[in-house]
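Work through the exercises below with the sequence and the structure in view. Try each task before reading its solution.

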Amino acid sequence: MNALYGGEGRRESGLAEVAHQELTAALAGRPLVGVERFSTALRTGYTGPAPVEALRPALSIGCYAAWDPALPGMVVAAEDRTRTRSVAERTTWVPRVRHEAARHLLKLDRPPVVFTWYDNARLRELAGPGATIAAVDAGVRAAIESKHLLDDLLRAAGVPAVARIPCVHVERLPGLAELRRAVGSARVVVQAGRTADRRGTVVVSGEDGMARAARLLGPYRVAAYVPGWPCTIAVLSVPDRDGGVQVYADRPAHASAGVAELGAGPLRSAGGDWSRPWPTPAAALLIECAERIAIWAWRRYGAAGLFNVKALLTPGERVYLSAIKWRHQQGTEVSAVNQQAVGLPPFVLAHLSVMLGGQVTWLGDAQEFNQLTLLRAARPGGPFHVRVRLARDTPVRVAAAHGPGVYRLDGSGRLRWVRRGAHPSDARAARGEFLLADLPEPDVVCHPGADLATIEGVAEGAAHPFDGPDAASPAVRRIVAAVEDLFDEVKEP
């Protein structure tokens, strides 16, 4: 049985060494620099099973501080300067580190390769002249991710009609009754092509919802509301020697956008769960749709690498696609455990090589890989992460903790430090252990809405972190309550 979770035995084929060599060749002596909110991004690749040291950034620029053993070579983190966490900090941290980051970038002996979620002008300014941005082109990403063009894209890619949600496209929003008739649903989902609202999506049940939707900037996609569990699947497309792409699909995850039953307390959580079994027909359709989208994106834009397909899994076990995110995302950090569980390096390593025009020879046949994914998706067991944010209206700070690492709950429900760690599999699930990532230091003040920590681990058997899309499991509720106990309210001066 696999050491990570009851899966296939790990391959002893030296694939990590091959992947390391190919990424090193693609970097061509240029230092790797990470620019992401979490300054320990890529840590599941350079820690844990068969670590690939080439993935450890020479310099990491982010919002939150790093911790040992996930430390990059150097770190520039906004909270090391501000000693605060807040909603504003996590969305506007780049300007706060710009000058210090520039000094460290100048110390590098060569222009760097910059790893990030996606390319933009602000990032290029930060990276400086000569830097290589290892991310998809900003214009291509915007076109593929455009909400109001989703259905045109799905049809162009040949996604089956059974996986598409009934919808209409309008330049201006008509009345609610007309929209209901058009999509055949009492509740409708309004999404904007341009948006003043950061989320750009409003679920409309009545006239109050229409008023909120009207504040979005059109054009609009208006779709039928489909009840179901939000899901996501990470997909990797790699150019082959025949002018096409090989498409590799990760095990799909059930997602939780917000755990409502924790909202009344001081904490709120959300996350992803790769441990819950999937109905095989639904997983097979989702993988097929992902393959079609990847092939279309390659033919239309020459786009390859990592991306995510968002979907809904209904109580009747049907799958409907809801969005495409053409980029590496935070959840990919934990989903890398799925690749490591079958003896492969993380997808993100191949993604970097693809972005740099390098070789990727260690993945094997894509169809065989996806068949294995389909088999594993039907079985229980896999990684998960639960993000914990402050929901109370007063600031807090850590009162007592060892910082990020492996913890467990004692008999009284309190957190107990076990050991250092930075990888979800560092925690032994059979012993009730879990990883607490990204805990702040004791003098960092966390304001309402701030990220407090991420609970990570590998669930086994029938244990899952969520009982539903808006319901944490009893085990997660106990851990979240214990995380709360680490923090004390900060008294106003």
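**Exercise 1: a loop residue**

Thr40 lies in the loop that runs between β1 (32-35) and α2 (43-46); helices (H or I, at least four residues) and strands (E, at least two) are DSSP runs, numbered from the N terminus. This is a predicted model, in which local features need pLDDT of at least 70 and side-chain atom pairs count only at pLDDT 80 or more, while totals for chains, interfaces and linings use all residues. Residues are numbered from 1 along each chain as its sequence is written, and side-chain values use heavy atoms, with hydrogens and water left out.

Task: decide whether Thr40 is buried or exposed, and state which residues Thr40 touches.

Solution.
- Step 1. Buried means under 20% relative accessible area, exposed over 50%, and partly exposed in between (1.4 Å probe, protein chains only).
- Step 2. The relative accessible area of Thr40 is 1%, so Thr40 is buried.
- Step 3. Contact means heavy atoms within 4.5 Å. Leaving out residues up to four places away in sequence, Thr40 touches Tyr46, Ala66, Trp67, Ala70, Glu333 and Asp438.

**Exercise 2: aromatic pairs**

Task: find how many aromatic pairs there are, and classify the pair Trp296 and Tyr301.

Solution.
- Step 1. Rings of Phe, Tyr and Trp (its six-membered ring) pair if their centres lie within 6.5 Å; planes under 30 degrees apart count as stacked, over 60 as edge-to-face and the rest as tilted.
- Step 2. This rule gives 6 aromatic pairs.
- Step 3. The ring centres of Trp296 and Tyr301 are 5.8 Å apart and the planes stand at 85°, so this pair is edge-to-face.
- Step 4. Trp296 has 16% relative accessibility and therefore counts as buried; Tyr301, at 31%, counts as partly exposed.
- Step 5. Tyr407 and Trp417 also form an edge-to-face pair, with 5.5 Å from centre to centre and 85° between the planes. Tyr407 belongs to strand β19 (residues 405-409) and Trp417 to strand β20 (residues 415-419), 10 residues apart.
- Step 6. Tyr407 is buried at a relative accessible area of 2%, whereas Trp417 is partly exposed at 29%.

**Exercise 3: charges over rings**

Task: state which ring lies under Arg85 and which under the charged end of Arg187.

Solution.
- Step 1. A charge sits over a ring if NZ of Lys or CZ of Arg is within 6 Å of the ring centre and within 35 degrees of the ring normal.
- Step 2. Arg85 is placed over the face of Tyr64, 4.3 Å from the ring centre.
- Step 3. For Arg187, the charged end is over the ring of Tyr225, at 4.2 Å from its centre.
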